[in-house]
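I open this notebook to record what I looked up in one structure. The entries follow the order in which I made them.

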Amino acid sequence: MRKAGILLPIFSLASKYGIGSLGKEAYNFIDFLARTGQTIWQVLPITSTSADEYYSPYKTSGAFSGNPDFIDIDLLLEEALLSEEFVSSIPKDKYETDPRYIDYEKARALKEILLKEAFKNFKLLPTSSKKKYNKFCEENHFWLEEYCSYMSMKHINQNKAYWDWKIVKNFDELKSADEEILEEYKEIFNYNKFLQYKFYEQWDKLKEYANKNSVEIFGDMPIYISQDSSDFYFHREMFLTDENLEVSCIAGVPPDEFSSEGQCWGNPLYDWEYLKSTAYKWWVERIKKSFEVYDILRIDHFRAFESFYSIDKKTKNPKEGKWIKGPGKNFFNIVKNKVKNTNIVAEDLGIITEDVRELLEYTTYPGMKVIQFGFNSDADNLNLPHRYYKNTVAYTGTHDNKTLAEWLETTFDGQREYAMKYLRLDSYDKYTEGFIRAVMASCSDTAIIPIQDWLDFGGWARINTPSTIEKNWKFRLLDGELTKEVENYITEITGLYGRFLKRK
């Protein structure tokens with residue numbers, strides 16, 4: 001079956017609370033996907049993010065967590081955890097921002113007021129009405145306790161990472177802390193449990209609605225986690241550390257198609273030998289949890305399972321790193337044995353060797369094709385649509401790419417001329433349509449188009465620019481931008497190339 005989908009992060013949805021959420025606009029977007037014949041909604045990671053990591057969804061505070069930023073306020077109003085009177089009493093002008101871009105500081109400040117009020121009201125509910133909450137806590141005990149503990153300690157220390165904790169420097173000191181600090185810790189611990197419960201409750205209902213409308217949720221799992229996370233803090237044995245159990249080397253990549261200088265991501269690297277001795281227990285749990293949340297899972301930076309790039313923590317120079325062998329086939333054998341019905345897509349972009357291709361073929365996972373990368377060489381380029389094969393997911397671009405409109409404005413003349421000839425771009429009112437048609441017409445089983453490319457948006461709508469920390473993860477749709485004209489355009493092209501899913 002030929003499938004089509006749209007890439008749109010949750011945070012990019014329209015919302016009156018400064019950041020996209022799991023409420024009305026998310027449900028409306030699923031309806032939009034169904035009407036345009038789409039089968040898939042691809043989102044970016046939905047795990048919690050940190051201000052210290054510039055809100056990157058690829059540097060989470062907890063690998064199993066949900067992002068409280070996405071909890072919908074109106075849904076809390078519907079279940080009477082918030083009152084209209086309380087919500088309207090907050091001076092909104094203090095938190096008003098440009099609706100096109102997220103101001104995380106303001107959005108979080110506003111939501112924190114509302115979520116803490118909801119938590120206060122939740123605590124007043126009778127015990128008999130908290131059975132679902134208790135069940136959630138019990139089923140997720142294996143990660144929830146550590147995550148909430150870490151977030152509570154961060155709160156006590158002004159939300160700083162563990163290496164900057166001053167008030168209570170570690171959990172040993174917490175045991176002997178004064179009563180006021182202990183009470184604060186317990187309150188924030190339970191508050192974070194409440195946030196996780198509400199996030200997953202809202203997410204599960206949204207996913208159920210999507211599936212009822214024959215829309216699959218295509219999620220994204222970063223291969224690495226942040227050093228500022230409960231996973232690293234409580235499980236340093238899983239990572240490559242020095243004699244003080246601190247990070248000794250960090251993740252990144254050498255110069256490639258995304259960055260001529262290479263990228264230093266800064267994440268801790270795994271001790272794959274140790275993980276192998278545990279039969280990759282943490283990873284197996286992580287993937288199992290992901291398939292409770294998503295229908296399809298993209299594993300970010302697949303090539304690191306064959307060989308991963310190690311950069312010295314002190315120099316942080318991507319050009320001076322080295323490749324180290326990863327877990328390879330053994331890891332995927334265990335995953336396939338312990339996780340049933342895994343619908344995994346491998347993010348196989350960047351520097352791909354024959355060994356990586358062999359591992360991808362061994363797993364049988366579909367890889368990715370990005371048409372923007374197709375015009376920097378000749379007709380043998382594997383990212384040109386005539387070189388695609390069925391077991392792939394084809395893209396006009398990912399969240400790390402320029403939008404098509406920006407690519408056309410900024411790419412080298414030779415690449416633009418090649419694209420003009422190859423795609424016959426002069427045939428279309430907007431040149432981006434030529435790229436979209438080529439991807440949709442390809443023989444790839446699945447074609448994914450970012451919403452910005454459907455809308456012909458320029459560079460101002462880009463989601464992320466690798467190797468930079470500003471202006472990323474902020475783009476949002478405005479209310480009413482998915483017009484009938486846009487809907488008809490997407491519907492026509494999706495149907496023209498045999499990817500339109502007819503609903504009953």
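I call a residue buried under 20% relative accessible area, exposed over 50%, and partly exposed in between, with a 1.4 Å probe and protein chains only. The model is predicted, so I note its limits: local features need pLDDT of at least 70, side-chain atom pairs count only at pLDDT 80 or more, and totals for chains, interfaces and linings use all residues. Residues are numbered from 1 along each chain as its sequence is written, and side-chain values use heavy atoms, leaving out hydrogens and water.

Entry on aromatic rings. I paired rings of Phe, Tyr and Trp (its six-membered ring) with centres within 6.5 Å; planes under 30 degrees apart are stacked, over 60 edge-to-face, and the rest tilted. By this rule I count 65 aromatic pairs. One of them is the stacked pair of Phe64 and Trp143, with 6.3 Å centre to centre and 15° between the planes. This pair links distant parts of the chain, 79 residues apart: Phe64 is in the loop between β2 (40–42) and α2 (73–78), and Trp143 is in helix α6 (residues 141–156). Helices (H or I, at least four residues) and strands (E, at least two) are DSSP runs, numbered from the N terminus. With a relative accessible area of 5%, Phe64 is buried. Trp143 is buried as well, its relative accessible area being 5%.

I then looked up Tyr270 and Trp282, whose ring centres are 5.9 Å apart with planes at 45°, so the pair is tilted. Tyr270 lies in the loop between β5 (263–268) and α10 (272–277) and Trp282 in helix α11 (residues 281–293), so the pair ties together parts twelve residues apart in sequence. Both Tyr270 and Trp282 are buried.

Entry on Glu183. I found Glu183 in helix α8 (residues 179–212). Its relative accessibility is 41%, so Glu183 counts as partly exposed.
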